Amino acid sequence: MDTRQRILLAAMDLFWAKGFGSTSISDILSRSQANSGSLYHFFPSKQDVLVGVLEMYRDGIYPMLLEPAWEGVDDPIERIFALLNHYRGSLLETECTYGCPIGSLALELHEPDPPVRALLAANFNAWTAAIRGLLEQAGERLPAGTDLTGLSEFILTTMEGGVMQARTHLEIGYFDRGVALLRQHLNLLMESAKKPAAA
């Protein structure tokens, strides 16, 4: 692992655990075991570290998140729920203190610089694009004319909102109820697709 990657991975962990604002350059140096000259060579400011972290999340969505969640699951609809279950597992492992890294940063950074805002949006867009791809694979199991972009954004909202409420209440039920209603909604859509079109 090269020094730049070591710095980014350290910052990624710290931003998730402490937040961007509460993480200092000295925290990053201590965690990464890098010297300040190396850090400033790659990243002139902490904002540049954040940009690097967001780029790493964006570029790593498949190997870091989607592929592990989808391992052994072939059905596209079930892959959606496998991904949501991946977040549920993280909530359980942390006693409901887990927060989606991108969602947490988006909430913390009230007025991010344009490059940071663009990368936050790119991360959300990559997530919803992956979900939209699964909905496209479901094909005729969903009614013709279904707004797949809107549905994929709704699924992201269900995940982010469920994680936020579970963290707030320290109770997994807030996440589970949202996912259960999403499952019910998709089941109703699939049942509707089976009905013959009205004459």
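This report covers the model, its core, its cysteines and its pockets.

## The model

This is a predicted model: local features need pLDDT of at least 70, side-chain atom pairs count only at pLDDT 80 or more, and totals for chains, interfaces and linings use all residues. Residues are numbered from 1 along each chain as its sequence is written, and side-chain values use heavy atoms, with hydrogens and water left out.

## The nonpolar core

In soluble globular proteins, nonpolar side chains tend to be buried together. A nonpolar core is a set of buried Ala, Val, Leu, Ile, Met, Phe, Trp, Tyr and Cys residues joined through side-chain atoms within 4.5 Å. Buried means under 20% relative accessible area, exposed over 50%, and partly exposed in between (1.4 Å probe, protein chains only).

The largest core here has 62 residues. Phe15, Ile28, Ile80, Leu83, Trp127 and Phe175 have the most contacts inside it. Helix α8 (residues 114–138) gives the most to this core: nine residues. Helices are DSSP runs (H or I, at least four residues), numbered from the N terminus.

Take Leu83. Leaving out residues up to four places away in sequence, Leu83 touches Leu65, Leu66, Ala69, Trp70, Trp127 and Ile131. Contact means heavy atoms within 4.5 Å.

## The cysteines

How many disulfides are there? The count is zero, where a disulfide is a pair of cysteine sulfur atoms within 2.5 Å. For Cys96, the nearest cysteine sulfur is that of Cys100, 15 Å away. Cys96 counts as buried because its relative accessibility is 6%. Cys100 is buried too, at 7%.

## The pockets

A pocket is an open set of points on a 1 Å grid over the protein atoms alone, where a 1.4 Å probe fits, with protein on both sides within 12 Å along at least five of seven lines; lining residues have an atom within 4 Å of a point. Its volume is the space filled by probe spheres set on the points, which are joined across faces, edges and corners.

The largest pocket has a volume of about 450 Å³. Of its 22 lining residues, Tyr57, Leu65, Tyr87, Tyr98 and Pro101 are the closest to its centre. The lining has 15 nonpolar, four polar and three charged residues.

The second largest pocket has a volume of about 160 Å³. Its lining includes Cys100, Phe124 and Arg167. Helices α7 and α9 each give two or more residues to that lining.

Methods: Nonpolar A, V, L, I, M, F, W, Y, C, P; charged D, E, K, R; others polar.
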